[in-house]
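Reader: I would like to go through this protein step by step. Could you show it to me, please?
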Amino acid sequence: MKALILNSGLGHRMGVLTSEHPKCMTEISATETILSRQLRLIADAGIREVVMTTGYFHEVLERYCDSLSLPLEYKFVLNPLYDKTNYIYSIWCARDFLRDDDVLLMHGDLVFQNTVFDDVLSFPDSCMTVSSTVPLPEKDFKAVLKDGCISKVGIEFFEDAVAAQPLYKLCKADWNVWLDRIGEFCESGQTGVYAENALNQVSAACRIKPLDVEDRLCAEIDNPQDLETVYACLKEVENRIVYMCFSTDFIHSGHVAIIRKAQRLGRLVIGVLSDEAIASYRHFPMIPFPERKSLMETLAGVYKVVEQKTLSYKENLLSIKPDYVVHGDDWREGFQKPVRQEVLDVLASYGGRLVEFPYSNDPKYEDIEKLSRAKLAMPDLRRGRLRKLIEMKGLVTAIEAHSGITGLIAEKATVLQDGKTYQFDAMWLSSLCDSTAKGKPDIELVDMTSRFRTVDDIMEVTTKPVIFDGDTGGLAEHFVYTVRSLERMGVSMVIIEDKTGLKKNSLFGTEVVQSQDSTENFCAKIAAGKKAQKTRDFMICARIESLILEKGMEDALARAFAYVGAGADAIMIHSRKKEPAEVFEFVERFRADDSLTPIVVVPTSYNSVTEDELKRRGVNVVIYANQLMRSSFPAMMKTAESILSHHRALEADEFCMSIKDIINLIPDA
Ligand code: SPV
Ligand code: MG
């Protein structure tokens, strides 16, 4: 496509402003003239060839264009009769450069918004800009519409007309028809009329469609008053604030494209989603917030970068009050739909607008995303993430997983509530559930090789950190090998309980014979484990069974401090009481002396306590230790009984997930 800019006229009505240069060189902002703005937009759009008709001050004009140093090739065509003819003749003078391509035609005194220009360029057919909202001008162009096309353009038409501005995109075939008629006019001496007079005779063959710019800026500057209006309007347009939010770890060309589009609407403020918000909505960010913020700050044309603390835009929108929010149209459906609705509601409350661009789901971008997810699953990256999450969130939640499929539930389950998303942060490799899944009692009967196999099954399909239930840890001489193996696999934390001999599940309490290890022995086991580990990331958590075994609070606390002294990275206090009182007391007293060591709890029996309450009291990790297993068993039993009683599977179908959903749950490799 070529641009054709008509600059042969002088613009007498501009007075002294055009005493030394043509009208197109009039300043319309602190940094731009009408012409420099047009040329910059043309160059930014990737158009290279500009045909410019000249007349008054043609040498000044040519020098000025060169001085702008834009990546454009100019063909200046001087209309030798510039003071006696209209631009119809200037076009005719330039005809040899204008036949072989689509043409973007504009008058040299036209100022338009970026987005108007974008819409003209992306219009699929030949078009002319019109406005259905601007009142019909007395002395300027109006277009008469017929059958969805422009049938006449001129200043004398008022019926069935809309205000029109001489900014056209003309497809080659349409343009050649018009150009031929321009030639006929000029050859018959009609050089003092508008080029549109020729168009009006061939409009049925040209089929130029109206492009309604409504109230966006697209105006000619004819006199100093127009200039003042455009000056103010441009300033307002360019000061508009545009808001976009990013959660990405990396910037690909799709992001850059949408950023460029957003920048054309005004000053771009980018919200960068906080680490915590990303971790609870998608996956742990590969790159921490300060780095992601700097990345955005380095992008050309970004006005400001701010933190967005939640998936909800509300807080930032109410404080920034952007004129526009820009987003891909992919959030109209699915998980982010309510977030979008909230954005629309907030924008409506103060008159802002949502602009959605088509979402590009280029497989190339999906591959990059997949690659980044795959990295999250790698042992070295996964292992340290639990510690980071504890530091970042204060309280992390883990749900039990005992197979690949339950791992996927732990990985994917998401709830959106009050503009926030909730997911589990980590997975708990429960000995109870791992044993139960194999139909075996929780007595350290399932050996480590088999337990590691479960870890591997889960890790293969997930990215979240794993907390391993190490039971008693066995002999210290064996425990050191367990630590090394878990660490190598990318497990983040092993929890070992201070019991000895034949271990039984803690929820039996004193109903069965269970013996607690001596503090000294257990400390030695912790110390041996700490010495064996190779990385700083891996955590050994000491689980205190004193309350389960009714040995009293003092014993629990004394052991807790001793275990921390032996090197434990965290303490788990277990209780099987219906109420959390003893756990609260333990936490309060432990925290009085130790404000740092993470505390882990398993609220299975005292399950009415909320995460908020536990966090407030100083707990750092909440493990939902067996709920997936316990809920799956009755569901499966019900299905089995239904099939048995009906002698067919039809009635059980309503309890079952569809095959399609189950297939979708399993990711492709
Ligand atoms: C497990 O889940 O295996 C545990 C926690 O050790 S509990 O069952 O509560 O003892
Ligand atoms: Mg266990």
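Reader: Into which domains is the protein divided?
Author: This is a predicted model. The protein is divided into domain 1 (2-235), domain 2 (240-364), domain 3 (385-625) and domain 4 (631-665).

Reader: And how far apart are the centres of domain 3 and domain 4?
Author: The C-alpha centres of domain 3 and domain 4 are 33 Å apart.

Reader: Let us turn to the strands. Which strands make up the closed barrel?
Author: The closed barrel has 8 strands, in the order β17-β20-β21-β22-β25-β26-β27-β28, and their pairing is parallel. From one strand to the next, the twist averages 25°.

Reader: How many bridges join β25 to β26?
Author: Strand β25 (residues 539-544) is joined to strand β26 (residues 570-573) by 4 bridges, and the two run parallel. Ala542 stands opposite Ile571 in β26.

Reader: Which strands does helix α19 touch?
Author: Helix α19 (residues 476-489) packs on the sheet and touches β21 (466-469), β22 (493-497) and β25. The direction of α19 makes about 155° with that of β22.

Reader: Now the helices α16 and α18. At what angle do they pack?
Author: Helix α16 (residues 404-412) and helix α18 (residues 448-461) pack at about 45°, and their axes are 8 Å apart.

Technical notes
Residues numbered from 1 in each chain as written. Chains lettered and ligands numbered in written order. Predicted model: local features only at pLDDT ≥ 70, side-chain atom pairs only at ≥ 80, totals over all residues. Heavy atoms only, no water. Pairing = 2+ DSSP bridges. Axes fitted to C-alpha atoms, helices over the stretch in contact; angles between N-to-C directions. Contact = heavy atoms within 4.5 Å. Domains from an automatic or database assignment.
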